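Please look over the two-chain model below before reading the points.

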Amino acid sequence: MFDYETMRVIWWVITGAVATGFVLTVGFDFGIGALLPFIGRNDVERRVVINTIGPTWDGNQVWLILLGGAIFAVWPAVYATLFSGLYIAMLLVLYTLFFRPVGFDYRSKLESPQWRNAWDWGLFIGGAVPPVLMGVLVGNLLVGLPFHLDGSLRTFYDGSFWGLLTPFPLLCGVIGLLACVFHGAVYLGCRTERPIEQRARRVAAIGGVVLVLLMVLAAAWVILGIPRPEILTMAGPNAPSNPMAKTVDFSGSWLGNFLAHPRLFVAPALAVLGVSAAAALAGSGRSAAAFAASAVGMGGLLWTVGFGLFPFMLISTTDPRSSLTIWDASASHLNLQWSLAITLMFLPIVLLYTRWAYRVIWGKVTAADIAKGDHTLY
Amino acid sequence: MIGEDIVNLSRLQFGLTALYHFLFVPLTLGLAFLLAIMESVYVMTGKEVYKDMTRFWGKLFGINFAMGVTTGITLEFQFGTNWSYYSHYVGDIFGPILASEGLVSFFLESTFVGLFFFGWDRMSRVQHLSVTWLLALGTNTSALWILIANAWMQHPVGTEFNYETLRMELTSFAEVFFNPVAQVKFVHTVAAGYVTGAMFVLGISSWYLLKGRDVGFARRSFSIAAAFGLASVLSVIVLGDESGYTDGEVQKVKLAAIEGAWDTEKPPAAFTVVGFPDQDREETRYAFRIPYVLGLIATRSIDEEVKGLKELRASSLAHIRSGQIAYGALERMRGGDASPAVKADFEQHKADLGFALLLAKYTDRIAGAGEDLVQKAAADTIPSVAPLFWTFRVMVACGFTLLFIFVMAFYYCAVRVADRKRWLLKLAVWSIPLPWIAAETGWFVAEYGRQPWTISGVLPTHLSTSSLSTGDLWFSIAGFAFFYTALLAIELYLMVKYVKLGPSSLHTGRYHFERPAAALSGSAV
């Protein structure tokens, strides 16, 4: 099979692909959760909104589980450092995710309006807080995190939870939430009828414009205001994974990868064009096309960040040498090969039956459906 | 060195969240199969009552499943948040197994669980039946991956320490996948899940029969649960995972502790039914023993010996001393000494490196640690015997009680008098908690018995944690305590409410609370 260097690049791409799957699917689930109390003005409307994602949100969430699993499997040092370093933030993500499975399943099991209203706010928390925190996390990936490794490669975090909440990551948190709300609104446009559809289209049209402006602002901020690390020396892309065998300084440029390979500019271009097009299409009522454009936009946004960071995965601000890159934080060569084999075998199957599941449940969810399925729907 | 309180709080948190998650998993495993069986009967016979059964027990399945999903994410997060050195040290093996669970199993069960609930009117009968079977397949293969991962912690095969990356790395995926301990654990655990599902359905159906409500529905549910439960409980007992306890160091220690076996006996060893293990005097007092039986169960032979705790501790001593040599060589290699003699020393002793790491609890100078510390570390490899001894017996007692219930239930079903045997119906209702007690004690035996290791013979627990503060841990433990208590109360409330409603909750118009006459008497219930 491929040499170690190639396998590391392949796995960087697959990790990005899994993250894309997560953003494209869980993204709209989060957004719809965040919109729920506002876009649904009575119990029936809220049930319509919930049931647009009721049958599929759980399958979608596996993209998040798989992303965590893939990082654990293939980038164990990244998994160890990120999850333990951002301990409080990760637990807040986890606690707020708790509201979703039980919220979806339990909400409509009792008639009481207080009960249902409480779960609606639970679903709101579960939909709105994780994208904010994940946005903050991405912001901090770019700014860098205060951590270091010791001689036994044990990871130590040198900062605090509050230290994560600096201006640029907070902007990214806003972008994270807005992107999900936008994507969710576009999705709701496909799956609901008036008046919810109309409200969703309005959210998408306005949200898309703001999102584009914020993305451009963030990009300018990154390029002009945030130092970018550069590897000075390292053991080599085929060497065993040991982050301590390199030297790093902050002389790099966020545009470096893009200027070296101008084709990469396609990612930021798609981010801006996709979101703009989706906003326009949603505004004019062409929902399916809007969703496709929105998906392209979300993907473009994610890959723009990835191309900017490559080959860095976690940047250390307190001990730049401890930064983790794809060349020194990967699993063993044999692991990468086996993981690739399993992925190539099963991921296509997953995509096939996911497609089938969506085809089975596809269509507008209406108030009449809720009346008919009063005791079976969420 | 890592503070003892960090290690203890991390263990407490992981233990509690894992045990809590395991309240929901066995029922999911068992009910998924029962749903598939009930729906198969529906598709084959076309009788609506079997569809109603699938849907009603499916509702209860859904209430339980949501909690399984909620508490399952915790565990994936927790290896990274709380056991980061573990994640670095064995992520090369452990990570891909967890990721495979997500890719191969979670996607399957999570995608099809949605179609199970919302696809009834959107696909053909056979399509829906396939969905239900795929849901069951997803939950069961999920257990397979988890038990492969867990078995690897008990008996780490197919792996080797890499001194350049300072971690364990995969050498054979096949060995990890086909780990003999994993196979035994998988069968034992999923069968225990089937028993849980069967007891749940049997107990609740018995309650309807005692009340004389929805008798046709309840009797059919009772029969299916009785047959499925009997087959399952026999599998659990016959394929009890004691037979997996002869592979790997920690498994042998666990077996000896479960048996309160301090001294190695001449084969075949006797089985201690009850007794009082005394850790200080290193003996089990007032032991009532049956000759030969342990040797037969554990080794499946009459001439292999079952090692006693004292001998196992002595062998730990030798491993630790050998591990110190490996550790010393590793330090020299890391310091830049490339001489072949040092490399050869390391290669010869590296299998025992993990044992040297036991010394890290007491000193930073591992290679040069003196005899007193070596003795202490060796003593650590022998667990507290009494908790293992007793929880194991609680598990076995539950198992045999369940066997009795399912034998009787199956027999009376076969002769068609089950609903008149009120003592059995009452016993079944009161026995609903038994499979959970068995599952939780079984899990405790397997994991508490693994101490002082996270990975048997490879990585001690006290080195595995993250570098956190006690404040971090109290924050997270308080959060889990709050959410898990509230969620459990909500879940139980809904479960009891829907159990009491019974199949009337389907609103088909065919069941107890929906009939005019019954509604009158029902108002008195």
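**Notes on the model**

1. Buried residues make up 54% of the 525 residues in chain B. A residue is buried if 20 or more other C-beta atoms lie within 10 Å of its own, exposed if 12 or fewer, and partly exposed in between, with C-beta atoms placed from the backbone. The model is predicted: local features need pLDDT of at least 70, side-chain atom pairs count only at pLDDT 80 or more, and totals for chains, interfaces and linings use all residues. Residues are numbered from 1 along each chain as its sequence is written, while chains are lettered from A and ligands numbered from 1 in the order in which they are written.

2. Chain B has 20 helices and 6 strands. Helices (H or I, at least four residues) and strands (E, at least two) are DSSP runs, numbered from the N terminus. The radius of gyration of chain B is 26 Å, close to the 24 Å from the globule rule for 525 residues, so chain B is as compact as a globular protein of that length. That radius is taken over C-alpha atoms, and the globule rule is 2.2 Å times the number of residues to the power 0.38. Along the principal axes, the C-alpha atoms of chain B fill a box of roughly 90 × 50 × 40 Å. Of the contacts in chain B with a separation of 6 or more, 75% are between residues 24 or more positions apart. Two residues are in contact if their C-beta atoms, placed from the backbone, lie within 7 Å.

3. Chain A comes to 14 helices and 6 strands. Its radius of gyration is 21 Å, which agrees with the value near 21 Å for a compact globule of 378 residues. The C-alpha trace of chain A spans about 65 × 40 × 35 Å along its principal axes. Buried residues account for 56% of the 378. Among contacts in chain A between residues at least 6 apart in sequence, 77% join residues at least 24 apart.

4. Now the annotation. An unreviewed UniProt entry lists "transmembrane region" for chain A at residues 12-39, 84-102, 123-148, 168-190, 202-224, 264-282, 289-315 and 335-354. UniProt positions are given in the numbering used here, feature names are shortened, and annotations may be inferred rather than shown by experiment. Over residues 12-39 of chain A, the model is 100% helix and 0% strand, with the end C-alpha atoms 38 Å apart. Over residues 84-102 of chain A, the figures are 89% helix and 0% strand, with 26 Å between the end C-alpha atoms.

5. How many residues of chain A are in contact with chain B? The count is 60 residues of chain A, against 58 residues of chain B. On the chain A side, the elements that give two or more residues are α3 (57-74), α4 (76-85), α5 (87-97), α6 (99-106), β2 (155-157) and α13 (333-361). The largest share, 14 residues, comes from α13(A). This side divides into 38 nonpolar, 18 polar and 4 charged residues. Ala, Val, Leu, Ile, Met, Phe, Trp, Tyr, Cys and Pro count as nonpolar, Asp, Glu, Lys and Arg as charged, and the others, Gly among them, as polar.

6. α13(A) bends by about 30° at A:Leu344, and A:Pro348 follows within four residues. The bend is the angle between axes fitted to the seven residues ending at a residue and the seven starting there. Buried residues of α13(A) include A:His333, A:Trp338 and A:Ile361. Their cover includes α1 (4-39) and α3 of chain A, together with α4 (84-118), β2 (167-170) and α6 (173-177) of chain B. After α13(A) comes A:Gly363, with a positive phi near 135°.

7. Two cis peptide bonds to check. One joins A:Arg194 and A:Pro195, with omega about 5°. A:Pro195 is in the loop between α8 (167-191) and α9 (196-225) of chain A. Another joins B:Gln451 and B:Pro452, with omega about 10°. B:Pro452 is in the loop between α17 (434-448) and β5 (453-455) of chain B.

8. B:Asp214 has a phi of about 45° and lies in the loop between α7 (180-211) and α8 (215-238) of chain B. Is B:Asp214 buried or exposed? B:Asp214 is buried, with 23 other C-beta atoms within 10 Å. B:His507 has phi near 55° and sits in the loop between α19 (470-501) and α20 (516-522) of chain B. B:His507 counts as partly exposed because it has 13 C-beta neighbours inside 10 Å.
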